[in-house]
Amino acid sequence: MTIRVLIADDQMMVREGFSVLLGAMPDIEVVGEAVNGRDAVDRVRELAPDVVLMDIRMPELNGIEATREIVAADGGAKVLVLTTFDLDEYVYQALRAGASGFLLKDASARQLADGVRVVAAGEALLAPSVTRRLITEFSKLSEAPRLSATAQASYGDLTERETEVLVLIAQGLSNGEIAQRLVVAESTIKTHVSRILVKLGLRDRTQAAVFAYEARLVTPG
């Protein structure tokens with residue numbers, strides 16, 4: 001099944017470069033390009049892509065706001081944020097807005113294609129090293145977001161094992177790695193993850209990780 005991709009970046013060379021790299025993949029089709037955030041929102045509505053490669057810094061409407069609008073529209077498109085460096089101050093904001101992960105702009109063709117495939121499959125694209133940096137940066141914020149009363153109530157519905165799995169998700173572990181850590185079958189972990197998302201009203205693993213940060217379940221270490 002072909003993965004439909006929209007590339008949103010205000011730099012033509014970046015758009016064309018990614019189009020060439022992804023266009024060479026047999027299972028990926030670049031269905032369109034967008035030159036700014038507003039254009040990206042409109043093109044998603046028009047083209048219904050599976051994945052949007054989204055630059056953060058764009059004119060008219062930045063990538064964070066564009067991501068928020070695309071996710072709110074609930075059309076099924078997953079957003080993969082593009083950034084120049086992995087400690088970009090806006091990356092965490094993009095994740096909170098609903099992005100499914102992020103990639104560095106200097107990623108190789110294979111990393112780019114694999115990233116698109118991972119996000120299209122509904123997984124989070126957060127490398128453990130990057131996740132640790134995000135946690136560290138988040139902990140430095142003087143006005144760090146806290147859970148709402150509704151979210152706190154939802155968190156209370158999690159079982160002890162589900163909370164344990166949630167923490168490991170936030171640390172960047174895959175289902176297989178979590179299963180190995182807890183010495184259970186991977187299918188069991190998948191069931192736990194599904195229940196966590198339903199109980200917390202979250203759309204994917206990335207949002208679960210953000211929830212864990214805001215619940216202070218994960219701290220720099």
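Which residues in α8 meet which residues in α10?

**Before starting**

The structure is a predicted model, in which local features need pLDDT of at least 70 and side-chain atom pairs count only at pLDDT 80 or more, while totals for chains, interfaces and linings use all residues. Residues are numbered from 1 along each chain as its sequence is written, and side-chain values use heavy atoms, with hydrogens and water left out.

**Stop 1: the whole protein**

Display the entire protein as a cartoon. It contains eleven helices and five strands; these are DSSP runs, numbered from the N terminus, with helices being H or I of at least four residues and strands being E of at least two. Of the 221 residues, 48% are buried. Here, buried means under 20% relative accessible area, exposed means over 50%, and partly exposed lies in between, with a 1.4 Å probe and protein chains only. Contact means heavy atoms within 4.5 Å. Among contacts between residues at least 6 apart in sequence, 68% join residues at least 24 apart.

**Stop 2: the sheet**

Select the five strands. They form an open sheet in the order β2-β1-β3-β4-β5, with parallel pairing. Two strands pair if DSSP finds at least two bridges between them. At the edges stand β2 (28-34) and β5 (101-104); each has a single partner strand, so one side of each is left without a neighbour in the sheet. From one strand to the next, the twist averages 25 degrees.

Next, select residues 51-55 and 78-83. These are strands β3 and β4, which pair in the parallel sense over five bridges.

Keep β4 selected and show its side chains. Six of its six residues are buried. Lys78, Leu80 and Leu82 point one way from the strand, whereas Val79, Val81 and Thr83 point the other way.

In the loop between β3 and α3, select Glu60. Its phi is near 70 degrees, a positive value in a residue other than glycine. Glu60 counts as exposed because its relative accessibility is 70%.

**Stop 3: the nonpolar cores**

In soluble globular proteins, nonpolar side chains tend to be buried together. A nonpolar core is a set of buried Ala, Val, Leu, Ile, Met, Phe, Trp, Tyr and Cys residues joined through side-chain atoms within 4.5 Å. The largest one has 50 residues, and those with the most contacts inside it are Val52, Met54, Val165, Leu166 and Ile178. Apart from it lies another core, of 18 residues, among them Val14, Ile28, Leu53 and Leu80.

Centre the view on Val52. Leaving aside neighbours within four places in sequence, the contacts of Val52 include Leu6, Ala8, Val44 and Ala77.

**Stop 4**

Select Gly176, which is placed in helix α9. With a relative accessible area of 29%, Gly176 is partly exposed. Gly176 and Ile189 are 13 residues apart in sequence, and their C-alpha atoms are 8.1 Å apart in space.

Move on to Val183, in the loop between α9 (175-182) and α10. Val183 has a phi near 55 degrees, a positive value in a residue other than glycine, and is exposed at 72% relative accessible area.

**Stop 5: helices α8 and α10**

Select residues 160-170 and 186-200. The axes of these helices, α8 and α10, come within 10 Å and cross at roughly 95 degrees. The two are therefore roughly perpendicular to each other, a term covering 65 to 115 degrees.

The opening question can now be settled: Arg161, Glu162, Val165, Leu166 and Ile169 in α8 meet Ile189, His192, Val193, Arg195, Ile196, Lys199 and Leu200 in α10. Pick out His192, which counts as buried at 13% relative accessibility. Leaving aside neighbours within four places in sequence, His192 is in contact with Arg161, Glu162 and Val165.

**Stop 6: helix α11**

Finish with residues 205-214, helix α11, where ten of ten residues are buried. Asp204 caps the N-terminal end of α11, with a side-chain oxygen 3.0 Å from the backbone nitrogen of Gln207. Just after the helix, Arg216 takes a positive phi of about 60 degrees.

Key. Axes fitted to C-alpha atoms, helices over the stretch in contact; angles between N-to-C directions. Polar contact = N/O pair within 3.5 Å; in protein donor to acceptor, adjacent residues only side chain to side chain. Parallel < 35°, antiparallel > 145°, perpendicular 65-115°, else oblique.
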